[in-house]
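Reader: I would like to learn how to read a contact between two chains. Where should I start?

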Protein chains: 6
Amino acid sequence: MWLYEKKMEYPIEIKNKNLKFAKQLITQYGGFAGELNAALRYLNQRYIMPDNRGRALLTDIGNEELGHVEMLQTMLYQLLKDATVDEIKEAGLDSWYTEHKRGIYPTDANGVAYTVAYFAETGDPIADLVEDMAAEEKARIVYENLIDLTDDPDIIGPLLWLRQREIVHFNRFKELYEYYKANVK
Amino acid sequence: MWLYEKKMEYPIEIKNKNLKFAKQLITQYGGFAGELNAALRYLNQRYIMPDNRGRALLTDIGNEELGHVEMLQTMLYQLLKDATVDEIKEAGLDSWYTEHKRGIYPTDANGVAYTVAYFAETGDPIADLVEDMAAEEKARIVYENLIDLTDDPDIIGPLLWLRQREIVHFNRFKELYEYYKANVK
Amino acid sequence: MWLYEKKMEYPIEIKNKNLKFAKQLITQYGGFAGELNAALRYLNQRYIMPDNRGRALLTDIGNEELGHVEMLQTMLYQLLKDATVDEIKEAGLDSWYTEHKRGIYPTDANGVAYTVAYFAETGDPIADLVEDMAAEEKARIVYENLIDLTDDPDIIGPLLWLRQREIVHFNRFKELYEYYKANVK
Amino acid sequence: MWLYEKKMEYPIEIKNKNLKFAKQLITQYGGFAGELNAALRYLNQRYIMPDNRGRALLTDIGNEELGHVEMLQTMLYQLLKDATVDEIKEAGLDSWYTEHKRGIYPTDANGVAYTVAYFAETGDPIADLVEDMAAEEKARIVYENLIDLTDDPDIIGPLLWLRQREIVHFNRFKELYEYYKANVK
Amino acid sequence: MWLYEKKMEYPIEIKNKNLKFAKQLITQYGGFAGELNAALRYLNQRYIMPDNRGRALLTDIGNEELGHVEMLQTMLYQLLKDATVDEIKEAGLDSWYTEHKRGIYPTDANGVAYTVAYFAETGDPIADLVEDMAAEEKARIVYENLIDLTDDPDIIGPLLWLRQREIVHFNRFKELYEYYKANVK
Amino acid sequence: MWLYEKKMEYPIEIKNKNLKFAKQLITQYGGFAGELNAALRYLNQRYIMPDNRGRALLTDIGNEELGHVEMLQTMLYQLLKDATVDEIKEAGLDSWYTEHKRGIYPTDANGVAYTVAYFAETGDPIADLVEDMAAEEKARIVYENLIDLTDDPDIIGPLLWLRQREIVHFNRFKELYEYYKANVK
């Protein structure tokens with residue numbers, strides 16, 4: 001079970017209304033390389049890991065990704081919360097407003113609803129860990145693309161931190177993958 | 001952010017391999033009335049609640065539903081973990097095994113991958129709270145249907161407890177809904 | 001069965017080519033809170049209502065929603081029918097034209113095809129009626145959002161009327177819900 | 001707009017609980033060749049027909065298909081309404097019951113929710129009419145397949161009638177197609 | 001099996017960065033009337049054709065459509081490959097870049113991922129061939145719409161050629177359809 | 001472009017009607033780890049590889065996977081082609097027959113239509129290659145699971161060969177990945 005702590009993993013404080021950027025940023029909430037997909041993938045796959053080391057790592061990273069989901073939600077919330085209808089129209093967010101006002105909803109950058117079809121659960125620890133390494137690499141790239149598209153330091157800061165976490169996770173998954181390759185039949 | 005505690009909200013200990021039942025039970029993990037849908041709905045909608053009371057309630061229940069997701073995952077895991085291939089075939093879980101071995105993956109009872117299209121985020125607290133009341137009623141009914149289909153007390157116990165929680169949540173959402181109807185413009 | 005009457009439930013006569021607005025308006029045809037979803041939900045759920053009163057109400061409102069579908073279709077048709085290719089490009093409807101010319105197709109505001117995953121059928125009258133109340137509230141909010149985004153009286157008129165119908169339906173569903181809560185075991 | 005008449009286009013009276021067959025039959029409600037898809041396709045496409053003849057034909061057949069939807073719903077309802085939980089389990093409808101009790105919901109034979117992605121709207125009358133001819137042929141084949149799978153005359157009767165209507169519609173669409181090919185630039 | 005030949009069915013050489021057009025053009029890669037859908041449809045349906053003539057025709061056209069897929073991929077690749085981030089932003093391709101950089105991915109013009117739900121396989125040669133005729137007509141129309149939207153001769157050339165192939169295929173499917181209508185029971 | 005050669009990559013000759021197995025086998029045609037997904041992934045991703053070595057490898061393996069698609073199609077076709085309606089019913093393939101007769105259609109083992117949402121295209125060669133390594137591992141596991149479920153040597157033979165190819169591909173992707181890590185900025 002989880003205990004919620006009213007604290008962000010990394011501080012989010014966006015001062016400028018960078019409304020247009022919300023349309024791209026949301027893909028790291030609900031897109032194929034997004035944090036929701038990561039959290040659900042790991043918290044789902046942990047059950048079939050062959051030992052406590054594997055189960056603990058998947059739980060640990062899955063749990064951290066839940067915190068990343070919250071970071072993305074908070075960034076999106078801060079971007080939209082004080083926008084007027086005129087600002088929303090000017091930024092081309094008319095469709096967002098029509099369906100969700102200033103609320104957020106997990107989609108990709110085209111507005112397509114998140115689906116768990118984006119991840120796989122093979123039930124095999126080796127295959128699942130390669131999938132997880134791929135997931136971290138995909139997320140890293142999308143963070144880099146997002147950073148290419150903005151120059152707001154309030155946004156770039158958390159994105160750089162999140163990108164760095166993907167690299168850390170990749171390495172931890174790789175280490176476990178190599179351990180299981182060597183030690184698990 | 002979340003702290004993971006290695007403890008179940010309600011104890012799960014399934015002793016009989018009730019494999020066939022896993023095909024129905026999984027809908028409360030990844031189906032339209034399932035716990036994953038509930039957790040994501042509330043943890044998503046909490047941002048647009050107009051005051052701390054609303055945000056706290058949505059966070060609190062959303063967090064509890066994460067624990068329910070874990071209960072469902074654990075039930076499914078225990079049902080499958082020691083099954084032989086012959087037992088799997090006899091129970092008609094050949095397709096499950098082919099794609100996921102003894103792993104679990106959030107689908108409905110037909111094997112359709114979970115999608116957030118099952119919930120809505122209108123960005124309006126009143127409308128979202130009625131949606132939430134509906135969600136709790138739908139989950140309650142599906143738990144009752146599942147209980148109709150089994151006589152294993154190790155399964156019925158947790159399902160009765162989960163059903164009871166839906167009723168509690170319905171009432172808490174209703175109370176907040178009525179408070180906002182009276183007090184929020 | 002149905003008899004078609006060549007008459008609109010509420011008159012539609014849009015004089016200005018408000019092309020850009022079509023992209024948002026279409027969500028009330030094929031989006032999660034749209035009229036097609038409403039019509040199909042009620043005409044599907046009516047079968048499990050426990051008495052004639054329930055079956056009649058669901059049939060009656062479902063049937064009215066079919067007429068609302070036609071109103072939305074007509075609004076979209078009138079917005080697009082005389083647009084030149086240049087006007088279409090200027091309004092940013094290039095993708096619409098590519099795939100449908102000036103035709104209409106039930107999607108949400110992002111162009112995602114309508115799916116019945118947006119509604120539920122639990123087979124339980126109480127749970128289905130709370131779902132229906134939520135549906136009416138969600139549709140009301142989306143109409144209000146659309147009205148925020150336009151100032152064309154030819155569009156606002158029908159939208160206000162449609163919004164009003166959602167309130168009426170909400171109340172009728174609530175009344176039936178309370179009657180069944182009190183009278184049906 | 002539509003007037004509902006409490007009358008079936010063709011009488012439905014199923015006396016035997018042919019529960020297992022419901023799993024196949026439902027595809028003609030919510031599958032790719034089903035009646036819901038037909039009704040929505042024609043009632044959507046009618047707007048871009050170049051003259052009253054076309055608009056009237058699409059409206060007329062679309063309207064009739066709405067009545068076919070009701071026939072399918074009624075057949076499914078009659079098959080399930082008096083089934084006990086034991087009969088449901090024996091027929092392998094456990095998943096149906098879990099999610100919908102004895103209610104019905106528009107899916108294909110695998111339980112996949114209906115989506116309008118099954119039909120197209122090109123906005124061109126010629127292309128849309130060939131699509132419509134294809135739709136009628138696909139529906140005819142699925143009715144023939146269903147008839148192959150049952151020997152219950154209460155079911156075969158309506159299916160034969162529905163199959164016959166597909167042939168009539170095919171011919172009417174073909175006639176209009178040829179007329180437009182010859183007369184519309 | 002297939003042998004790949006490093007040669008385009010029709011030469012593609014796009015000199016201007018017509019970035020904005022990529023958003024529409026992609027639908028003929030991964031949309032409902034696109035070349036990927038055509039190739040998969042025919043290469044899937046060929047198995048149930050009743051004789052070698054049918055199997056050969058479906059294989060032959062299916063194979064040609066694979067080459068069309070490659071033409072579309074190449075057009076999209078050439079449109080994007082040298083674009084700077086600033087040009088991408090100006091053309092409104094921010095979301096594309098975020099998720100795919102300058103890579104391509106089979107979607108429709110709204111960014112919705114390709115699904116085989118766009119085609120049907122009835123297992124009946126007559127019905128499948130009418131579906132195929134419809135497919136060719138739909139593709140022809142979308143090519144015409146795309147040509148309406150651009151004036152770049154490097155783009156129009158291949159699109160005109162592709163449009164012409166749809167007409168040829170329509171006629172070949174029609175011929176086979178009529179042959180089977182006359183000769184196959 | 002492609003040249004079709006009327007020859008199988010590996011001979012398929014299934015003598016026994018192992019109808020029931022078709023329901024599982026089909027996932028390697030149209031499921032998340034299936035050959036269609038592999039072929040489309042590689043033939044799509046090849047464009048963004050930074051040099052000829054990468055483009056050639058992706059094209060080569062993508063092309064081979066097209067041949068694997070054909071092997072799977074042929075296996076499924078041979079399993080079904082001579083089945084009587086009674087045999088189909090006995091094997092529990094009623095739903096398959098209803099919708100596709102003895103035809104085949106790319107789905108997973110639950111009958112869910114194939115979607116390209118199962119693969120990603122990041123536009124980055126490093127991330128795409130890790131995704132490709134994961135894909136090969138996932139496919140290998142599913143072949144192993146299928147082999148666990150049957151004892152028919154006519155089926156096991158091709159599956160063992162296909163499984164072996166996944167291992168070869170994994171190694172070739174890994175080699176390229178390491179080369180790019182060392183040599184591409």
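This is a predicted model: local features need pLDDT of at least 70, side-chain atom pairs count only at pLDDT 80 or more; totals for chains, interfaces and linings use all residues.

Reader: Which surfaces do the copies use, the same or different ones?

Author: Different ones: of the contact residues of chain A, 14% recur in chain E.

Reader: How much area is buried between chain A and chain E?

Author: The size of an interface is often given as the accessible area lost when the parts come together. Here about 1200 Å² is buried between chain A and chain E, and carbon and sulfur atoms give 52% of that area. On the side of chain A, Asn110(A), Asn145(A) and Leu149(A) lose the most area to chain E, together 43% of what that side buries.

Reader: How many residues does the contact take from each chain?

Author: Chain A contributes 14 residues and chain E contributes 12 residues.

Reader: How many salt bridges and how many polar contacts does the rule find across the interface?

Author: For salt bridges, the rule finds 0 between chain A and chain E. For polar contacts, it finds 9 residue pairs, both residues being at pLDDT 80 or more.

Reader: Which helix gives the most to the side of chain A that touches chain E?

Author: α7(A) does, with 5 residues. By type, the residues of that side of chain A are 7 nonpolar, 4 polar and 3 charged.

Definitions and conventions
Residues are numbered from 1 along each chain as its sequence is written. Chains are lettered from A and ligands numbered from 1 in the order in which they are written. Side-chain values use heavy atoms; hydrogens and water are left out. Contact means heavy atoms within 4.5 Å. Buried area is the accessible area (1.4 Å probe) that two parts lose on being put together, summed over both. A salt bridge is a side-chain nitrogen of Lys or Arg within 4 Å of a carboxyl oxygen of Asp or Glu. A polar contact is a pair of N or O atoms within 3.5 Å; within protein, one must be able to donate a hydrogen and the other to accept it, and residues adjacent in sequence count only if both atoms are side-chain atoms. Helices (H or I, at least four residues) and strands (E, at least two) are DSSP runs, numbered from the N terminus. Ala, Val, Leu, Ile, Met, Phe, Trp, Tyr, Cys and Pro count as nonpolar, Asp, Glu, Lys and Arg as charged, and the others, Gly among them, as polar.
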